[in-house]
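Here are some notes for a first look at this model. Please keep the structure open while you read them.

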Amino acid sequence: MSKKDVYAYTPTVNIEKYEKLDSEERKDYLSLDKRMHRITEGFAYDVGKVLKDAQEKFRNQGRKDIFSFTDWLKSWGFAKSRAYQLINFTEYVDKLQNNTELDGQSMVETFNSLPKMMQYSIVKDRDPDHQNQVEKLLSEKVTETEQYKKVLQDFYNAKDALDVSQEKNKELEAANRELQIKNIAVQEENAKTQSKLIESQQKIHKLQTENYKLQNQPVEQIQVPPADYGEIKRLNKKLIQDLEKSEEKEKSL
């Protein structure tokens with residue numbers, strides 16, 4: 001038995017929660033769901049009729065400044081998607097009932113004899129060719145589910161493909177979120193590296209500016225006496241003394 005069959009009567013929002021239960025607990029909840037489904041679907045047409053009338057009332061005379069059709073639905077515990085499902089169901093039954101070419105009452109009776117899940121599958125399928133084939137089966141009072149499934153196979157295939165696609169989308173979204181987290185971490189690390197690089201470039205620029213100033217600063221010339229300056233001075237003094245003595249000798253002669 002497929003997972004889809006196990007949860008045939010379970011609201012989608014509860015499936016994930018049921019998966020966390022053990023088999024015995026899950027079995028009890030599934031039994032409750034089946035009973036609730038049987039009761040609620042039994043008066044689906046009457047409820048859908050009221051919802052349709054309310055929809056028209058709010059559309060034509062509603063006071064949106066006070067509350068909306070959606071607000072009214074919530075006050076009665078109906079989700080918008082569920083309300084439209086019941087409205088569509090009622091409209092389909094009315095369409096069959098008012099069919100002037102075929103026996104509408106007989107078609108409605110045959111339609112109501114089908115399993116509820118099959119009824120909603122028929123209502124959901126908007127393909128005109130499929131609906132013509134379905135109405136032919138209903139007019140012939142066919143109650144075998146497999147014949148309707150065969151007609152609606154395109155719808156079932158599309159629904160299965162959509163389920164697979166949605167599951168893959170969830171996986172891709174999860175992977176995408178993980179990549180986004182990693183990307184943010186990489187961006188933060190890049191920002192830190194960029195900040196350090198800018199700081200290093202600023203230091204290099206400062207050093208280059210200081211070096212340029214030093215290179216272009218005029219060189220101050222400093223007179224440094226040679227290492228033997230004292231000796232040269234002494235020899236020079238002696239030379240002067242010797243010259244003076246020589247001059248004195250010449251004068252004496």
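**Notes on the fold and its helix packing**

1. Along the sequence, the protein follows the pattern α-α-α-α-α-α-α-α-α-α-α-α. That is 12 helices and zero strands. Bear in mind that this is a predicted model.

2. Of the 253 residues in the protein, 22% are buried. Among contacts with a separation of 6 or more, 56% join residues 24 or more positions apart.

3. Start with helix H6, residues 80-97. Next, the buried side of H6. Its buried residues are Ala83, Leu86, Ile87, Phe89, Thr90, Tyr92, Val93, Asp94 and Leu96. In an α-helix, residues three or four places apart point the same way, because there are 3.6 residues a turn. Which helices do the buried residues of H6 pack against? They are helix H4 (44-61), helix H5 (69-75), helix H7 (104-113), helix H8 (116-124) and helix H9 (128-139).

4. Take H6 and H7. These helices pack at an angle of about 140 degrees, and their axes are 7 Å apart. That angle makes H6 oblique to H7. On the H6 side, the residues are Phe89, Tyr92, Val93, Leu96 and Gln97; they meet Gly104, Gln105, Met107, Val108, Phe111 and Asn112 in H7.

5. Now H6 and H9. Here the packing angle is about 60 degrees, with the axes 12 Å apart. H6 is therefore oblique to H9. The crossing of H6 past H9 is right-handed. Tyr92, Lys95 and Leu96 of H6 make the contact with Gln131, Val134, Glu135 and Leu138 of H9.

6. Aromatic residues come next. The structure holds 10 aromatic pairs. One of them joins tyrosine 18 and tyrosine 29: the pair is tilted, at 5.5 Å centre to centre and 35 degrees between the planes. Tyrosine 18 lies in helix H2 (residues 12-18) and tyrosine 29 in helix H3 (residues 23-42), so this pair ties together parts 11 residues apart in sequence. Are these tyrosines buried or partly exposed? Tyrosine 18 counts as buried, at 8% relative accessibility. Tyrosine 29 counts as partly exposed, at 40%.

7. Another aromatic pair is formed by phenylalanine 89 and tyrosine 120. This pair is tilted, with 5.4 Å centre to centre and 35 degrees between the planes. Phenylalanine 89 lies in helix H6 and tyrosine 120 in helix H8, so the pair ties together parts that are 31 residues apart in sequence. Phenylalanine 89 is buried, with a relative accessible area of 3%. Tyrosine 120 is buried too, with a relative accessible area of 6%.

8. There is also an aromatic cluster to look at. Phe58, Phe67, Phe69, Trp72 and Tyr84 form one cluster.

9. Glutamine 119 sits in helix H8. Its relative accessible area is 0%, so glutamine 119 is buried. What does glutamine 119 contact, leaving aside its neighbours within four places in sequence? The contacts are Phe89, Phe111, Asn112, Ser113 and Leu114. Phe89 also takes part in the ring pair with tyrosine 120. From C-alpha to C-alpha, glutamine 119 and threonine 145 are 9.9 Å apart in space; in sequence they are 26 residues apart.

10. Last, glutamate 140. Where is glutamate 140 placed? It is in the loop between H9 and helix H10 (145-151). With a relative accessible area of 45%, glutamate 140 is partly exposed.

Definitions and conventions:
Residues numbered from 1 in each chain as written. Predicted model: local features only at pLDDT ≥ 70, side-chain atom pairs only at ≥ 80, totals over all residues. Heavy atoms only, no water. Helix = DSSP H or I, 4+ residues; strand = E, 2+ residues; numbered from the N terminus. Expected span 1.5 Å × (residues − 1). Buried < 20%, exposed > 50% of the residue type's maximum accessible area, 1.4 Å probe, protein only. Contact = heavy atoms within 4.5 Å. Phe/Tyr/Trp six-rings, centres within 6.5 Å; stacked < 30°, edge-to-face > 60°. Axes fitted to C-alpha atoms, helices over the stretch in contact; angles between N-to-C directions. Parallel < 35°, antiparallel > 145°, perpendicular 65-115°, else oblique. Left-handed = near helix turned anticlockwise from the far one by under 90°.
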